[in-house]
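Welcome! Take a moment to look over the sequence and the model, and then we can walk through how the parts of this protein meet.

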Amino acid sequence: MSRIVYVNGEFLSEENAKISVFDRGFLFADGIYEVTTILEGRLIENAPHLARLARSAKELNIELPLPIEKIEEAMRLLLEKNNVQEGALYLQVTRGPADRDFAFPKEAKPSLVMFTQKKNLINNKSVVNGISVRSVPDIRWARRDIKTTQLLAASLAKQSALDAGADDAWLVEDGFVTEGSSNNAYIFTKEGVLVTRQLGNEILHGITRSAILKLVKQGNIKLEERPFTLQEAHSAQEAFVSSATTFIWSVVKIDGNIIGSGEPGPVAKKLRRIYIDEVLAR
Ligand code: PMP
């Protein structure tokens, strides 16, 4: 059965969902996006995702085509029409179609597109096995805090990791890990300190990161928000990543070095469990 896709106010079958070749999302990657998790048929943490969308739009001077409440309404309708119990809802706003020109066109009307994807998020083999990562230079632009659709650097990083037999890439800049190709990165050191990079323009301000750090601060784990090196990661007790659709996945191997026991560790497992319980209880 074909999905129903949202395109600029219309709910269409995916075969009929179309965008102009002049859309600046297509020509310039002049667009922003969000991925909201769906669990038990509900949108998870949608308010912070929409707040980040509004911030990304503001930073790029893109006018959202609808007020946030109307976007949220359309998301719920799309979810209902596709009857997704577990997976994700992808939402993209671009500056819209206009004759090709680097300068922002005055007449362009922003495009809004959304679709759903069914996925097993809770029962996933990466939860049981953990993942392996390969480090690659972080060649992305300098405003990674803005969630833009220009994802080629991240895509190249991920593909080079896959080609080398790993599951994902960790991006390294000036000797320090910034984040994963599509997730935030953490280590739990031998001294019992959870370390993850501080917020700034160098990383995406993950919605899951924010919720996890709130849980960490409520518990008794010591937290340091600072850059860490690959050498520190190699000797950590545990390493893991977070994102909306993975929640937390343990990283059990970095560039061939086994981390801790080589299996998902207790800190990542516990944080994953309490994070999922907490968002479902809301
Ligand atoms: N960093 C990057 C580069 C990402 O692409 C993502 C996923 N969108 C994240 C971090 C995690 O963010 P979130 O928890 O909001 O999914």
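A polar contact is a pair of N or O atoms within 3.5 Å; within protein, one of them must be able to donate a hydrogen and the other to accept it, and residues adjacent in sequence count only if both atoms are side-chain atoms. Keep in mind that this is a predicted model. With that rule, 10 residue pairs are in polar contact across the interface of domain 1 and domain 2, both residues of a pair having pLDDT 80 or more.

Which elements bring two or more residues to the side of domain 1 that touches domain 2? They are strand 3 (31-39), helix 2 (46-59) and strand 5 (87-94). Strand 3 gives the most, with seven residues. Sorted by kind, the residues on this side of domain 1 are 10 nonpolar, five polar and seven charged.

Let's step back to the two domains themselves. The domain assignment places domain 1 at 4-118 and domain 2 at 125-281. Their centres, taken over C-alpha atoms, lie 26 Å apart, and the contact draws 22 residues from domain 1 and 22 residues from domain 2.

| Feature | Value |
|---|---|
| Area buried between domain 1 and domain 2 | about 1,900 Å² |
| Part of that area on carbon and sulfur atoms | 61% |
| Share of the area domain 1 buries that comes from Tyr33, Glu45 and Arg52 | 31% |
| Salt bridges across the interface | two |

As for charged pairs, arginine 143 forms a salt bridge with glutamate 59, and their closest N and O atoms are 3.0 Å apart.

Six of them form an open sheet in the order 2-1-6-5-3-4, with antiparallel pairing. At the edges are strand 2 (10-13) and strand 4 (42-43), each pairing on one side only. Strand 3 and strand 5 run antiparallel and are joined by eight bridges; valine 35 stands opposite tyrosine 90 in strand 5.

Notes
Residues numbered from 1 in each chain as written. Predicted model: local features only at pLDDT ≥ 70, side-chain atom pairs only at ≥ 80, totals over all residues. Heavy atoms only, no water. Domains from an automatic or database assignment. Contact = heavy atoms within 4.5 Å. Buried area = accessible area lost by both parts, 1.4 Å probe. Salt bridge = Lys/Arg side-chain N within 4 Å of Asp/Glu carboxyl O. Helix = DSSP H or I, 4+ residues; strand = E, 2+ residues; numbered from the N terminus. Nonpolar A, V, L, I, M, F, W, Y, C, P; charged D, E, K, R; others polar. Pairing = 2+ DSSP bridges.
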